[in-house]
Amino acid sequence: MAKRAAPEVNAGSMADIAFLLLIFFLVTTTIETDTGINRKLPPIEDSQEDVIIKQKNIFTVLLNGKDQLLVEDELMELKNIRKAAVEFLDNGGDGTCNYCRGRKDPTSSDNPDKAIISLKNERETSYKMYISVQNELVAAYNELRNRRAQALYGQSFIEMQANYDNVNWVGNKDKLKEQLDEIKLEYPQKLSEVQ
Amino acid sequence: MAKFNKKKGGELPAISTASLPDIVFMLLFFFMVATVMRENTLMIKNSLPYADQVEKLDKKDLVMYIYAGKPSDAYKQYGTEAKIQLNDKFADIGDIAAFIAQERASKREELIPFLTTALKVDQEANMGLIGDIKQELRKVNALKINYTTRKGNVFDKH
C-alpha cells in the first residue's frame, strides 16, 4: 500500500470550544452575596428596669403567622407601611423638632428622638416577610435622613455614606463623619424587637 | 520583469490563528483557578430574600456565616424542617455558642469586637428559628448581625 500522509485535523474550531468553556465558567461562577441589612441585637441585661414610654411614641408593627401586618391596631398592606412610618417619625408633636415636616398631631409621636418603632413577629412568620418589613422600616428612616441631608448639605444621606465608605473618595472624611453623625442624631434609628 | 512584478504584488499572508486556542485556554485556566469557590458546601436550600436598603459587608475575614434553610434535595433524610448549617455540617441551636467561640479564637483579639455574624437564611424559613439563633447570639454577646439579602425590590414577585 502506498504510504499516505495522515490528513491534518482542522484545529480552527478549537478556539470556539475553548471560548464556550470559558463562557460557561464565567456564567456559572456565583459570586457570594455580601450585602444585607445590618442590625444590632440588644445585650442581655440582668436588671429588669422598666422604662416608661408613652403609648403615642410607640409605633407597633405586628407580623402574624400568616404574614399579615397589623400596624397601630389596623390591618395594613406592606406597601403602605413605609409612608405610615415616615408620618409617625416625622410627626414632631411637641414642637421641639424644628426640622420635622409632619402634621404635629398631638396623638402621634413627640419628636424623632422619642419615636420608637416596635416590631413583633410570631414564630410562624416567614423570613421573607420579616426582611421585607425590616427593609421598609429602614427605608422610612433613610427617606427622612436623605431629606435632611439634602436640606443641610445638598446631597443624600446614602450618597454621603457611600462616600464615607469609599476608599478612593477625596475629601474631608472627619467632617463627613461629623455630618453623618449629626443626621443620625436627628433621626435616630430606634427599632426595637419584641421577643 | 513580469515575473518579478507578480511576486511583489502577492496577497498579504493570513495571520496564523493557530495560537488562539492556547490564549483562550490560558484565560480559561486563569478563571478556573482564580474563581474562589464557596467556603462551605451548602447542604440546605438557600435562596436569600430581596431587599433594597442594603449595606455592603466589607472585611470578609471578619464575618461569621450562619446558614439556615430546608435541607436540599440530596439531604432529604434530614427531614423537611429548616435546619441550621455551621461550616460544613448541620447543627443544633446549642452548637452556635461553640461555633462563635471557635471563630473568635481564630481571630486576633483586637478584632473580636468587629466580628459580624451574617445570617444567610432561606426566605421560606420561619422566624421561630431565627429568633432562636438571635437569642443564642445574644447569650454569647455577638450582637452585630447582618441579614444577608440579595439586592432587589421587595414588592416584585421573585
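From the N terminus onward, the elements of chain B follow the order α-α-β-β-β-β-β-α-β-α-β-β. Chain B of this predicted model thus comprises 4 helices and 8 strands. Of its 158 residues, 27% count as buried. Where chain B residues at least 6 apart in sequence are in contact, 76% of those contacts join residues at least 24 apart.

**Interface between the chains**

Chain B contributes 47 residues to the contact, and chain A contributes 39 residues. On the side of chain B that touches chain A, the elements giving two or more residues are the helices α2 (20-34) and α4 (127-139), together with the strands β2 (55-56), β6 (116-121), β7 (144-148) and β8 (150-151) of chain B. By class, this side of chain B holds 25 nonpolar, 10 polar and 12 charged residues.

Strand pairing also links the two chains. Strand β1 (residues 35-40) of chain A and β7(B) run antiparallel and are joined by 5 bridges. One residue pair in this arrangement is A:Asn38 with B:Asn146, the latter being the bridge partner in β7(B). The strand β7 (144-148) of chain B is also among the elements listed above for the side that touches chain A.

**Confidence in chain A**

Chain A has a mean pLDDT of 83, with 94% of its residues at 70 or more. Within chain A, helix α1 (residues 14-28) has the lowest confidence, at a mean of 80, whereas helix α3 (residues 127-153) has the highest, at 89.

Most residues other than glycine have a negative phi.

The surroundings of each residue can be described in terms of C-beta neighbours. A:Lys104 has 14 other C-beta atoms within 10 Å and is therefore partly exposed. B:Asn87 likewise counts as partly exposed, because 14 C-beta neighbours lie inside 10 Å.

Note on methods: Residues are numbered from 1 along each chain as its sequence is written. Chains are lettered from A and ligands numbered from 1 in the order in which they are written. This is a predicted model: local features need pLDDT of at least 70, side-chain atom pairs count only at pLDDT 80 or more; totals for chains, interfaces and linings use all residues. Two residues are in contact if their C-beta atoms, placed from the backbone, lie within 7 Å. Ala, Val, Leu, Ile, Met, Phe, Trp, Tyr, Cys and Pro count as nonpolar, Asp, Glu, Lys and Arg as charged, and the others, Gly among them, as polar. Two strands pair if DSSP finds at least two bridges between them. A residue is buried if 20 or more other C-beta atoms lie within 10 Å of its own, exposed if 12 or fewer, and partly exposed in between; C-beta atoms are placed from the backbone. pLDDT is the predictor's confidence in each residue, from 0 to 100.
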